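Here's a quick tour of a protein model, from the overall fold down to a few individual residues. Have a look at the sequence and the structure first.

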Amino acid sequence: MDFNTNAEYAIAARGVRKTYGGSGMAPEKEALKGVDILVKRGSIFGLLGPNGAGKSTFINILAGLVNKTAGEVSVWGFDIDRNPRQARASLGVVPQEINMDVFFTPLEALEIQAGLYGVPKNKRRSMEILNALGLGDKANAYVRMLSGGMKRRLLVAKAMVHSPPILILDEPTAGVDIELRKQLWEYVLKLHEMGVTIVLTTHYLEEAQELCEEIAIIHNGNVVACEPTEKLISSLDRKTLMVTPSEAVDIKPDLGPLEFEMKSDGSLAIAYQPSKTQVADILERLSGAGIAVKDLSTVEADLEDVFLELTYRAE
């Protein structure tokens with residue numbers, strides 16, 4: 001990683017550590033243990049990890065809400081220690097928690113937020129943003145009257161009032177139905193087309209696999225992977241061969257060292273490592289066990305498989 005070319009990166013973090021002091025009998029907690037992350041400008045970057053892995057701590061350090069214990073961080077080329085105001089102004093953060101005054105209207109909430117960022121009245125885009133997120137008809141309704149999904153979209157709107165070059169989405173689709181999720185991603189992709197850098201944390205791994213160009217996985221405060229999405233998925237040396245026998249198999253066949261599962265529909269799911277086992281070898285063992293093959297297909301590994309391998313299974 002080259003940390004000297006910050007102009008190429010929206011976010012550059014090197015050796016970031018965060019230790020929370022213990023209280024009473026509780027020991028200190030090291031939430032981040034030397035995190036190195038580079039996020040290219042104009043990309044959609046996934047930051048994944050189990051609960052408590054350190055994702056929110058890292059985001060809060062970027063946003064200036066938590067002080068790091070050690071390391072270097074720049075946001076849009078601004079060092080967060082030397083130029084904290086410029087670094088924070090370069091970010092729009094959509095938090096996990098729904099935190100807004102329920103006695104304001106969405107339009108009022110955006111106008112106040114724009115004022116806090118010093119956006120002149122003649123340059124504010126409050127209604128434009130609300131319309132883009134499907135909240136235009138709710139502009140003058142009280143926030144307390146909005147559904148949970150609408151409140152989440154309002155959080156995105158608030159994060160965009162000062163037109164930041166980086167948008168951080170921390171679990172943005174939690175509790176959002178399919179249609180609202182689709183509308184949200186359509187807007188986010190439009191922002192991406194306009195050059196906005198998107199950093200996404202989510203537990204919906206299929207979203208991350210579809211949207212993110214590069215993914216970092218944090219586990220126990222360490223970055224255990226940071227690769228382009230396709231490269232990350234292909235790094236897992238595991239596939240499954242789905243075999244449909246010509247005739248029903250009533251007794252579990254002897255396939256030697258091959259691990260397999262007999263499905264309720266009569267098919268066999270055979271797990272194998274492409275680096276060690278060829279499909280031809282599997283077919284030879286099936287033939288030796290007296291199983292004629294009617295049909296077969298290969299199931300590739302996906303992001304969920306990689307995620308589990310690098311986190312829960314690694315323990």
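First, the ground rules. This is a predicted model, so to speak of local features takes a pLDDT of at least 70 and side-chain atom pairs count only at pLDDT 80 or more, while totals for chains, interfaces and linings use all residues. Residues are numbered from 1 along each chain as its sequence is written, and side-chain values use heavy atoms, with hydrogens and water left out.

**The whole chain**

The protein chain has 10 helices and 14 strands, taken as DSSP runs numbered from the N terminus (helices are H or I, at least four residues; strands are E, at least two). Its C-alpha trace spans about 80 × 45 × 45 Å along the principal axes. Of its 315 residues, 43% count as buried; buried means under 20% relative accessible area, exposed over 50%, and partly exposed in between (1.4 Å probe, protein chains only). Take the contacts (heavy atoms within 4.5 Å) between residues at least 6 apart in sequence: 70% of them join residues at least 24 apart. The chain exposes about 16,500 Å², with carbon and sulfur atoms supplying 48% of that; accessible areas come from the Shrake-Rupley method with a 1.4 Å probe, and for residues only the protein chains shown count as cover.

**Inside**

A nonpolar core here is a set of buried Ala, Val, Leu, Ile, Met, Phe, Trp, Tyr and Cys residues joined through side-chain atoms within 4.5 Å. The largest one has 45 residues, and Leu-48, Leu-154, Leu-167, Leu-169, Ile-215 and Leu-303 have the most contacts inside it. Apart from it lies another core, of 26 residues, including Ile-11, Ile-37, Ile-80 and Ile-218.

Leu-169 touches, among others beyond four places away in sequence, Trp-185, Ile-198 and Val-199. Thr-197 sits in strand 8 (residues 197-201) and counts as buried because its relative accessibility is 0%. Leaving out residues up to four places away in sequence, its contacts include Ala-10, Lys-40, Trp-76 and Leu-167.

**Outside**

Val-279, in helix 9 (residues 279-288), is partly exposed, with a relative accessible area of 29%. Not counting residues up to four places away in sequence, Val-279 touches Leu-241 and Tyr-272. Its C-alpha atom is 44 Å from that of Ala-10, 269 residues apart along the chain.

There's also a nonpolar surface patch made of Phe-104, Ile-112, Leu-116 and Tyr-117, with about 390 Å² of accessible area together. Ile-112 belongs to helix 3 (residues 106-116).

**Local details**

The structure holds 1 aromatic pair. Phe-307 and Tyr-312 form it edge-to-face, at 6.4 Å centre to centre with 65° between the planes. Rings of Phe, Tyr and Trp (its six-membered ring) pair if their centres lie within 6.5 Å; planes under 30 degrees apart are stacked, over 60 edge-to-face, and the rest tilted.

Most residues other than glycine have a negative phi. Ser-163 has a positive phi near 50°, and Asn-220 has one of about 55°. Ser-163 is in the loop between helix 5 (148-159) and strand 7 (166-170); Asn-220 is in the loop between strand 9 (214-219) and strand 10 (222-228).

| Residue | Relative accessibility | Class |
|---|---|---|
| Ile-112 | 39% | partly exposed |
| Ser-163 | 44% | partly exposed |
| Asn-220 | 40% | partly exposed |
| Phe-307 | 8% | buried |
| Tyr-312 | 48% | partly exposed |

Conventions: Patches are made of residues with over 30% relative accessible area and no salt bridge: like charges are joined within 9 Å, nonpolar side chains (Val, Leu, Ile, Met, Phe, Trp, Tyr) within 5 Å. A salt bridge is a side-chain nitrogen of Lys or Arg within 4 Å of a carboxyl oxygen of Asp or Glu.
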